[in-house]
Amino acid sequence: METEALNEVATKAAEMSMWDLVWASDLITKVVMIGLIFASVWCWAIIIEKIGTIRQVKQRSRNFEEKFWSGGSLDRLYDSIGNRPQDPMSAMFVSAMREWKRTNILKSKTDRGLRGVSLQQRIEKAMMVSMDKELDALDTRLGFLASTGSVAPLVGLFGTVWGIINSFNAIAATQSNSLSAMAPGIAEALFTTAFGLIAAIPAVVAYNKISSDLDRYAKRLENFMDEFSSILSREIDDTAIKAEMAGE
């Protein structure tokens with residue numbers, strides 16, 4: 001009898017496939033697994049989109065920097081970009097040039113030093129606002145990666161506990177500790193744990209990588225803002241000096 005029972009258990013275990021165990025789980029476990037699968041798919045969609053966007057933005061910024069430092073006219077560069085900047089760096093440049101063109105310091109000969117300082121501050125403020133706006137756009141949906149990385153293992157752990165409880169309930173109901181009685185609950189526990197990790201690990205790795213790339217890019221934008229502010233500051237000083245000489 002004991003040998004026949006063992007053979008029956010072995011036969012049932014061999015007939016169980018992974019999907020049979022998944023679909024044999026109860027409603028709560030299925031909801032947990034479907035939610036984790038959806039979170040994983042959405043995370044991968046965000047990861048792919050962000051990696052492609054950041055790579056494209058960096059390439060466009062590199063192209064803009066080449067034009068900016070080529071020694072050509074800034075006015076001509078501004079006119080070529082127009083109102084359609086294609087990357088955060090060119091958007092900052094457009095904001096600064098727009099503020100520059102709004103203020104004509106040659107119209108007044110009084111308080112030129114104060115006007116120069118005020119113009120410089122407005123230009124830096126315009127670039128800062130533009131930089132923050134562009135970085136916020138690049139930062140969208142990263143919060144979902146962070147939330148998935150921290151919450152998915154806990155959701156998987158909930159499914160694990162639920163599966164173990166179902167295993168104990170099955171043992172109590174059948175008065176048997178055979179594999180056929182315990183397998184569904186154990187499968188629920190293992191699958192929810194696996195799905196939780198599958199969703200969390202890529203989300204955490206991608207979030208850290210993308211955040212690091214955005215931090216380096218933000219530093220690059222800050223350096224450009226400092227360099228461009230210095231150029232405009234010299235232009236303001238030269239313009240003020242020329243206006244004073246013309247007024248003498």
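A residue counts as buried when its relative accessible area is under 20%. Keep that cut-off at hand for the stops below, and note that this is a predicted model.

**Stop 1: Phe64 and Phe224**

Select Phe64. Its relative accessible area is 5%, so Phe64 is buried. The model has 11 aromatic pairs. In the pair made by Phe64 and Phe224, the ring centres are 5.8 Å apart and the planes stand at 75°, so the arrangement is edge-to-face. Colour the helices next: Phe64 belongs to helix α3 (residues 27-68) and Phe224 to helix α8 (residues 179-247), so the pair ties together parts that are 160 residues apart in sequence.

**Stop 2: Thr29**

Stay on helix α3 and select Thr29, which is found there. Thr29 is buried, with a relative accessible area of 1%. Which residues does Thr29 touch, leaving aside those up to four places away in sequence? Show Trp162, Asn166, Glu188 and Thr192: these are its contacts.

**Stop 3: helix α4**

Select residues 74-81, which make up helix α4. The buried residues of this helix are Leu77, Tyr78 and Ile81. They cover an arc of only 100° around the axis, which means that they sit on the same side of α4. Show what covers these buried residues: α3 and α5 (88-102) are included. Then turn the view to the face of α4 that points away from the buried side, where the exposed residues Arg76, Asp79 and Ser80 are carried.

**Stop 4: a surface patch**

Select Leu154, Leu157, Val161 and Ile165. These residues form a nonpolar patch on the surface, and their accessible area together is about 360 Å². Pick out Ile165, which lies in helix α7 (residues 142-174). Is Ile165 buried or partly exposed? Ile165 is partly exposed, with a relative accessible area of 39%.

**Stop 5: Ser230 and Gln120**

Go back to helix α8 and select Ser230, which has its place there. Ser230 is partly exposed, with a relative accessible area of 35%. Ser230 and Gln120 are 110 residues apart in sequence, and the C-alpha to C-alpha distance in space is 9.4 Å.

Terms used: Residues are numbered from 1 along each chain as its sequence is written. This is a predicted model: local features need pLDDT of at least 70, side-chain atom pairs count only at pLDDT 80 or more; totals for chains, interfaces and linings use all residues. Side-chain values use heavy atoms; hydrogens and water are left out. Rings of Phe, Tyr and Trp (its six-membered ring) pair if their centres lie within 6.5 Å; planes under 30 degrees apart count as stacked, over 60 as edge-to-face and the rest as tilted. Helices (H or I, at least four residues) and strands (E, at least two) are DSSP runs, numbered from the N terminus. Buried means under 20% relative accessible area, exposed over 50%, partly exposed in between (1.4 Å probe, protein chains only). Patches are made of residues with over 30% relative accessible area and no salt bridge: like charges are joined within 9 Å, nonpolar side chains (Val, Leu, Ile, Met, Phe, Trp, Tyr) within 5 Å. Accessible areas come from the Shrake-Rupley method with a 1.4 Å probe; for residues, only the protein chains shown count as cover. A salt bridge is a side-chain nitrogen of Lys or Arg within 4 Å of a carboxyl oxygen of Asp or Glu. Contact means heavy atoms within 4.5 Å. The arc is that of the directions from the helix axis to the C-beta atoms.
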